[in-house]
Amino acid sequence: MKNCAKYLLINLFCLIIWASWLTSVSAASQRLIVTGSSTVAPLMSEIARRFELQHPEVRIDVQTGGSSRGINDVRRGIADIGMVSRALKPNEDDLHAFSIAMDGIGIIVHASNPVRSLNPKQIADIYTGKITHWKSVGGPNARITVVNKAEGRSTLELFLDYLQLKNSAVKPHIIIGDNAQGIKTVTGNPHAIGYVSIGAAAYEAQRGTPIRLLALNGVTASVENVHSGIFPLSRPLNLITSRVPQGIIRAFIEFARSPQLYPLIEAHYFVPIDTD
Amino acid sequence: MRDNQQLHTVHRIRDRLAQCLIYSAVFLVGAVFIWILADLARGGIMHLSWEFITESPRDAGRAGGIASILISTLLILCVALIAAVPLAWSTAILLVECMPAASSFGKTVRFSLHVLAGVPSIVFGLFGNAFFSIYLGLGFSILSGGLTLACMLLPILTSTAEAGLRAVPDTYRLSASALGMTRTATLIHLILPAAAPALAAGLLLGIGRALAETAALLFTSGYVERMPGSLLDSGRALALHIFDLSMNVPGGDMPAYASALVLVTLLLCINILAMKLAYGLQRWRIMT
Amino acid sequence: MFRLIPTDRLLIAILRIFAVNTVLVLLLILAFLLLESWPVLMQLSLTRFVTDTSWHPLEGAYNLMPMLAGTLLASMGALLLAVPLGMSSALFIVFYAPSHLATLYKRLIELLAGIPSVVFGFWGLTTLVPLINQWHPPGASLLAAILVLTLMVLPLITLTAYTALAAVPDELIHNAAALGLSRWGMISGVALPAAGSGITAGIILAAARALGETMAVLMVAGNVVQYPETVFDPIRTLAANIALEMAYAMGDHRAVLFVSGLLLLLLVMVLSSIAGFLEKQRHA
C-alpha cells in the first residue's frame, strides 16, 4: 500500500507538468472561438469565413448551444466571443456587447396548415394546453403538437416574456434546442407549432423547407416589419466579450459590424444596424 | 397408462408451443434488424459517392461530403489510442506477469477497471468537460475529446489484453525461466509475440467502441465541421455528424443516411477483422 | 519472483507507474464529479431533488424525480421487451436452429451489437417516430424510447445468454435427453437453471446499459420533463437531460447536472457490481 502511494505521488507530479505544458501550448495559437446563440451562428460562420479570407493566419471556430452558453463560455474564458440573441440583462454588465443585427421571433407551422394568423391570447392558450386541437383556431381536425425550446435559450425567454407566461406553465410535447431543430421538427410533423428566429425561418422557407411563418396579431412576420419596428417580438443580436476587445478580436467585431457585410446580413433575413 | 399418454400429449403440445414462440420471436428480431439495415443501405447508397468521401461538408453538411469529419475522427481516435494503449497494455502485463492474482495492488486496479467499464458515456463526457476542457484549459478540442475517449477505452483494452496474455501457455514462462532469461526478455521475445493476435483483436474492438461514441465527445471535442488545423482545434466525429445532421439540419437526412452507412460499414469491417484474429488465435492455440 | 535483476526491476517500476494511472483515472472522475457537484450538495438539502415542483433550473426548481422515473420506465420497458426476445434468440441459436442458420443468426446479432447508438437513434427518428406519430401524436414518446432501447440491449442479452447456455456442460444435456425429457422440458428444467446466474448477470448489464444510454433516447423521447401518463407521452431521461442542458448550464444548474451524473454513476455501479457478484458465484 505504501508503494501504491509513492507511485500515485510520482504520477500526480507528472500530470501537473503535463497539464501546464498543455495549457501553455493552447495559449500560443491564433484562434478565435465563438460560441452561443444558434440564431446568430449561421450568419457568424459566413462572416468568419470571409474574415479568414482577409486574415489567413486566423482560424475562427463557431459553435452553437444557446445564448446562455455564449455568456457562460465567455465568462469562463472557454470562448473569446459569445453570440447572444437578446439585449444583456442588468446582472450581465460585466460583459461588453456589440450589436450586429436585429431579428424577430416568429411562430411557425407546417406549410400544409391552413392557419395564417394567431393572436397572443390564442398562442398562450395553445402553449398552456387550454387549446389542444387545431379546429379551435380554424385549422384542421388534429391535435396540436406543441414544440417548446429548452431552457437557457433567449428565444424562449423573449417568447415567454411577450406572452407573460412562466416556463413551468407551458405544456409542451417536444423540447428542442437549436432553431434548426425546431424547423426540422415542424417540417416532419404537419400538426406542430413552434417558434424560432424569423431570420432562420425565412432563410429555410426560401430554400424550399415546408414551413410557414404566422402573422402575429395581424402583423406579418417579415424582415420589413422587424426593420420598421411594428413587429412586436424583436430583439438585437449581440456579440459579447469579457474584456474590452483588443487586437484580432477587436478587428473581427469591427469587421462584423462594417457596412460591407450588410448584404450578407440581409441575405440571412436579419436587419443590419446602422452604427452611426 | 392412459395418464402417461395424456402427459405425453401435453408435453408435445407444450414443446410445439415453445418452439412456435421462439421461432416467431427470432423471425421478428431478424425482420426488424434486416429492416433497419436495409433502410440504412437504401437511404445511404443513393447519396454515397466518391466525392462524398473526399469533399468537406458545405452548407451545414447538406452538400459536400465528410472528408474533414473523417480526418477529425481519425485524429480523435489516434489521440485516444496513443494515450490509452500504453496504459492499458502495461496494466495488463503487470496484472498477468508480475503480480500474484490476489495482491492488493492487483485487486485495486481490477476493481477500478470493473467500475470504469460500467460508467455511462455521458458521465465520461461530464468529466472530460470539467477536467480536460476547463480545468486543463484545452477547450473544445480534438485533444480533450481524444483523452476523454482514452479514459473510456482503458477497461476494454486492458481486459482484452489480459485475456490474451493469460492465454499464453505457462510452459513458455517456465522454459524461459529455466533457460535463465530475464523477465523483460521473456516478455519481449516470447510472450508479447505469442499474444499479439489477441492484443490486435482487443485494439480493434477498442477502435470500434471509439468510433461509435457520441455522448462523451459532445462537450469535449465540440462540433466544428471544418478541417482541423491542429490537435487543439475542435473537430466533429462521424457519429456526432450523424447526430447533428439528423437533429439540427432541415434537409440533412440524406447525408445523415450516407454517413451512417459509412460508419456502419467501417465498424463492420473492424469487427470482422477482430473476429478473424480471435478465431486465428483459437486455431493457433489448438495447434500448440 | 524473489530476486529480480535491475532490468526487470526497472520494467516493473515502469509498468507500475502506467498501471497506477488506471486507478488514477477512476479517482479523477469521481473527484471531479464530486468537486463540481459539491456546491449544490452543500447548499441545497437533498430533499429538494425530490420535493421541488418540477425541473425548471432557471426558476430554481431542481426536482430530479420525473426524469428518474422516465429513465427507469424506459429501461424497464425495454427490458420487458428485450428479455423474452433475447432469450428466445439465444435458445434458438443453441438448441433449435440447424448449425449454419445458427451461425448466420449469431453473426447478425453480433453485427447489431456493434451498431452505434446514434445510428439507432437516427433510425428511430426517421422511421419509428413518424410511424408512432400517425398512430398517436406526437410520436416522440416513451414508446419510441422503449423500442429503440430494446433494439440496443437485445444483442447484449442474446450474446450473454448464448455464452451462458453454451457453457452448460454437455453431460447435463445428454443425461436429460437420456431420461426422455422433452426438448422444452430439458431447456426449462436443466439448461436454464444451470445457466441462470450468467443470464441474470447479462440482463443486469443490459439494464445498466439502458439506464446510461444517452444519444438514442435524446433523439426519440421528446425530452419533456414530466411523469408520463401513457406510453405516448414524451419523457426526458437523466442522461438525455445532461446532454441537452450541459452546454449552457452555469452555477447551481451545472452543479445539479453533475449531481445527476453522479446519481447515474451510482445506479450503474450498483447494477454492475451485482452482475460481477453473480459472475463470481457462477465461477465458484
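This briefing looks at chain B as a whole and then at one glycine in chain A. The model is predicted: local features need pLDDT of at least 70, side-chain atom pairs count only at pLDDT 80 or more, and totals for chains, interfaces and linings use all residues. Residues are numbered from 1 along each chain as its sequence is written, while chains are lettered from A and ligands numbered from 1 in the order in which they are written.

**Chain B: elements and overall form**
- Chain B has eleven helices and two strands; helices (H or I, at least four residues) and strands (E, at least two) are DSSP runs, numbered from the N terminus.
- Read from the N terminus, the elements of chain B run α-α-β-β-α-α-α-α-α-α-α-α-α.
- Chain B is more spread out than a compact globule, because its radius of gyration (taken over C-alpha atoms) is 24 Å, well over the 19 Å that the globule rule (2.2 Å times the number of residues to the power 0.38) gives for 288 residues.
- Along the principal axes, the C-alpha atoms of chain B fill a box of roughly 70 × 70 × 35 Å.

**Gly177 of chain A**
- Where is Gly177(A) placed? Look in the loop between strand E7 (174-176) and helix H6 (179-188) of chain A.
- Gly177(A) counts as buried because 24 C-beta neighbours lie inside 10 Å; the cut-offs are 20 or more other C-beta atoms within 10 Å for buried, 12 or fewer for exposed, and partly exposed in between, with C-beta atoms placed from the backbone.
- The C-alpha atoms of Gly177(A) and Arg153(A) are separated by 7.7 Å, with the two residues 24 apart along the chain.
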